[in-house]
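Hi,

Here is the structure I said I would pass on. Have a look at it first, and then read on for what turned up in it.

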Amino acid sequence: MEDKDVKKEEHKAPKHGGDNSSDPRIIAFVCNWCTYSGADLAGTSRMKYSDNVRVIKLPCTGRIDPLFIVEAFKKGAKGVLVSGCHPGDCHYTSGNYHSRRKYATFRDLLGYLGVDLDRVEFSWVSASEGNKWVSIINEFTDKIKSLPGKSTDIFTKK
Amino acid sequence: MANTKTDEKLQKIAKDLLESGEVSLVIGYAKGSNLQRMRPVFITKAEDAGKLSFSPHAVQDLAVFLKKPEVKKFGKIGIVVKGCDEKAVNALIQEYQISRDNIKIIGMECNGVIRQNIADKGETNVSESAVYDKCLICEEHIPVLYDFLIESEEPKLVLSGNVKPYSGIEKLESMSAEEKNAFWAKEFDKCIKCYACRQACPLCYCSRCIVEKNMPQWIDTNSEETGNAQWNLIRAYHLSGRCIGCGECERACPVNIPLMLINEKMAKDVYNLFGYKSGLDINAKPVFGVFSESDFNDFIK
Amino acid sequence: MSRIGVFVCWCGSNIAGTVDVEKVREEAAKIPGVVSALDYKYMCSDPGQNSLRNIIKEKNLTGIVLAACSPHMHENTFRKAAAKEGLNPYFVEIANIREQVSWVHEDKERATAKAVDLMKMMVEKVKRDRPIEDVRVPLNKKALVIGGGIAGIQAALDIANGGVEVILVEKEPSIGGRMIQLDETFPTLDCSSCIMTPKMVEANQHPNIKLYTYSEVEDISGYIGNFKVKIKKKARSVVEKDCTGCGECWNACPMHKNVKSEFNVNLSERTAIYVPFPQAVPLVPVLDRSVCLHFKKGGKCQKCYDACGPKCINFDLQDEIIEETVGAIVASTGYDLMDTSMYGEYGYGKYKDVISGLQFERLLSASGPTEGVIKRPSDGKTPQTIVFVQCVGSRDPEKGVPYCSKVCCMYTAKHAKLFAHKVHGSQSYVFYIDIRSTSKGYEEFVRGTMEQDGAIYLRGRVSKIYEDEGKLIVKGADTLSGNQVEIAADMVVLATGVIPKKGSDKLAQMLGISYDKYGFFTESHPKLRPAESSTAGIFLAGMAQGPRDIPESVVSGSAAASKILGLFSKNEYEVEGTIANVNEATCVACFYCQRVCAYNAISKKEIKDRSGKLIKVVANVNPGLCTGCGACVNACFSKSIDVKGFMDDQIYAEIKALAV
């Protein structure tokens, strides 16, 4: 315990930078049709999950630009989740397929430039998967909380 | 210096093209005032074709000029290209920036171009240690597409395997996130946001670059580390699956950021993920214009 | 300057129990640009909506944010309320503090903090909302039906009876499709021609239906309400309006033994000038130039011309391109059967008496090559023993297709039944994997074939068929008894799998509709929009969508028709205004947007100066086709395209509102 406190001292949680380890900000970019509805379903089913997440709704994963992830980091998010319809289920036929290609590439690039890839999560959550939404959020939040305080990136002001 | 046979062939082709009116402009190389450097030349009259020349000092990717409005207005254009540069022409055709009908490709067989810092010291021979890394991995010594091909008089590039091109990539890949972070933080710290990388790139053809858009401000305008990192990330992202590896961005960078370590890494990853290499086929659909239902999905929960 | 109103809903205790709604309201009031903030027990109730409307008026609001339940619940309710006060309905944003806050979190302080965040995000978003007008697309009230089988005919008749003009295009010389090739239909055994011919005649004579047979759709452009269609009317060599269908021409044709009849599935011959079958509609022959002596031998033969009374044969007729404009399209191109010859072990194509189910239909048909007497193609003898093999190609992922062709169980039962009725004392065997007989009267029908008509059903696959002393020896497994069986048959009928009509993938590409990996057209939603394609204004019917039987095909034809009549009941088609928009000044025409658009909504637009000189080419969004998904925005490097309602600067503002 004491050790940990010392560490925290060392890395003084800055105002910006998302080094808010114990209470990290998590931003989720989700599609309107599947994941947003899945998250609503978790609500109507009165499931409980971590309250660190803030959801930003977009029409489709096809609209979720990978650059949003970087912007979220810049604004202090410690973790970013991107979620949409399962392959084959896209409300707009192929938005998730097109984005999947971009995400795979962009994720590689982020990792190569030194972003801890544990901070970025991609998932497919359907409108019927309230329980999956809950476990994704809980597990991701736990993972983010367990990251070392200094895990940062080159996009965030120090 | 006298004309080589290569130069004569080149001049003849250009002269014929201009005389017949098949093109109204030929973009090529001319000897520079410094013999170890070649400079781009724009020939509009057949009688000027004699200025054209080619040698292992013809480093620049001339395809970069194809995006310029002042070049475009010539309509039909002839261009002198090495194998790497020619891939940029193909990518531009794939992305509808030029029409195949409007371009005459004068392809040069190339066994490598000599790094300028070495050339400046007087090196004139192509060798494993003298050429750019891109030449060591080159698979298009003869351009994949051309209207005219001029074979090289230079000896073939002999590879011993002792020089490992782009070895920095593997080194970086084996680093921890933290180490990579530190490496790039240091590199991008040097960036002065001059955008020479963009200007030198044949595939950065947007008339209004994303960095110039401020609603929203995609990239911080400050030249601090964060904005620099963002710029470099977005530049690399926008060229992923498109970059043909000519290396002009890195060569143009006044502060020597190893940009090709990013470009080549992304080219490698895109190839591993989707089996696509940029600029090899003018009829191929660009990798981010299509998808497959069975695309890599393992990173998605 | 923004004048935003924030309304925090308690939803009784649903929200207020977990979220400190007063705190949310107080925080809202502090935000620059927010001129009114209040909380109320039930915002969606009449008094709630009235107070919202009053405040819009009183404070002259430019945008409102509701911190309430999910937008999927009441976004429309509040948009309508706002619109009643003259506010653009898209200036309403919802912060979902019920489904995504109060119902899923327990710690009141933290839930309140989250609710405040979500509210702030929406305030920043609404500040950047631009007015959005819904798009109205005028409708050309005319429909095109592609494919004149039962599904297409049904669709055409229903649309025509609804008072709308229909153009019915059929590739073959006659309408009727596959159904007119069938003998009797399961499970009622009514004769196919008897029920189909009147429909064909009705379609031909209907004042609202324009029929193009021996014609193909050559090109389609445009969008819902305004499709431009090019139809190629192939040269028939017969002037339709003058022809009486008397038959003198084909009786005179010397080419009467050389050409296999497509209609009779190669079981008989036809002439070069021919009608595919006697009840053809229209009853006008077609001259097949690929085999006609006149065309092959330099114009010497003109026996048909000489025999023709009204002199309506014209060897010089050319293909004709007809252009039509329609508002909606039905794609009902039907199906083909798989090529059974790839099952070498079954000997199809090698042994004359191994035939397909469709060939057996022709043998059963009174108007078929044997006038309804079942005869072996090899020697014309009537078979006493027939083996029917089901699932040839279907449900066979290795060699054929993994899906079930749906109709084979039933038509095989019908074949066995009709065989028993026509040849007394005969015996049939049916090899099957499962029996699928799920519609009304189907199970009873199959049972009848087994129990009354004595067909022996063997569960298992056939491994080999070979000829031995005039018999076809069928070797197979009976998996229920565990025995190998060997049957000496006079004839074998293969129930071959159903595949989409050849060329349907090309048509789908032309139409811009999606299709599955087999080539069947894909529905917009497999359950809730089964009659719609992925492209607005294009509807689907019949087997082109996947295996189905006659009643289902009829239903799907009617469904497509009712969708079109519904669409045409208004003068304009209304599309939500949340669509993509191009910044023409910065677009560099790389057309990545076009590549990723699933709706063909992006086209090239040429910008010209006053003298007509081309200045530049840019991407252009067709509002009738765009669904606002935003894939194009993601594809654009220069950020020259954006989607209304989800603009990049709005997303950035939302992220900024969350800055820590």
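Let's start with chain A, whose secondary structure comes to five helices and four strands. Keep in mind throughout that this is a predicted model. If you follow chain A from the N terminus, its elements run α-β-α-β-α-β-α-β-α. The chain has 158 residues, and 66% of them are buried.

Next, chains B and C. Their contact takes 18 residues from chain B and 15 residues from chain C. On the chain B side, the residues that touch chain C divide into ten nonpolar, four polar and four charged.

The rest of my notes are about helices in chain C. Helix α6 of chain C covers residues 108–127, which is 20 residues. From first C-alpha to last, α6(C) reaches 28 Å, close to the 28 Å expected at 1.5 Å a residue.

As a reminder, a pair of packed helices is described by the angle between the axes and the distance between them.

In one pair, helix α12 (residues 357–364) of chain C packs with α13(C) at an angle of about 35°, and the axes are 11 Å apart. The crossing of α12(C) past α13(C) is left-handed. On the α12(C) side, the contact is made by C:G357, C:F360 and C:L364, and on the α13(C) side by C:C408, C:Y411, C:H415 and C:L418. Sorted by class, that contact has five nonpolar residues, two polar ones and no charged ones.

In the other pair, α13 (residues 408–422) of chain C meets helix α14 (residues 442–451) of chain C at an angle of about 40°, with 9 Å between the axes. That angle makes α13(C) and α14(C) oblique to each other. Again the crossing is left-handed as α13(C) passes α14(C). Here α13(C) brings C:M410, C:A413, C:A416 and C:K417 to the contact, while α14(C) brings C:Y442, C:F445, C:V446, C:G448 and C:T449. By class, this contact of α13(C) with α14(C) has six nonpolar residues, two polar and one charged.

Cheers

Notes. Residues numbered from 1 in each chain as written. Chains lettered and ligands numbered in written order. Predicted model: local features only at pLDDT ≥ 70, side-chain atom pairs only at ≥ 80, totals over all residues. Helix = DSSP H or I, 4+ residues; strand = E, 2+ residues; numbered from the N terminus. Expected span 1.5 Å × (residues − 1). Axes fitted to C-alpha atoms, helices over the stretch in contact; angles between N-to-C directions. Parallel < 35°, antiparallel > 145°, perpendicular 65-115°, else oblique. Left-handed = near helix turned anticlockwise from the far one by under 90°. Contact = placed C-beta atoms within 7 Å. Nonpolar A, V, L, I, M, F, W, Y, C, P; charged D, E, K, R; others polar. Buried ≥ 20, exposed ≤ 12 C-beta atoms within 10 Å, placed from the backbone.
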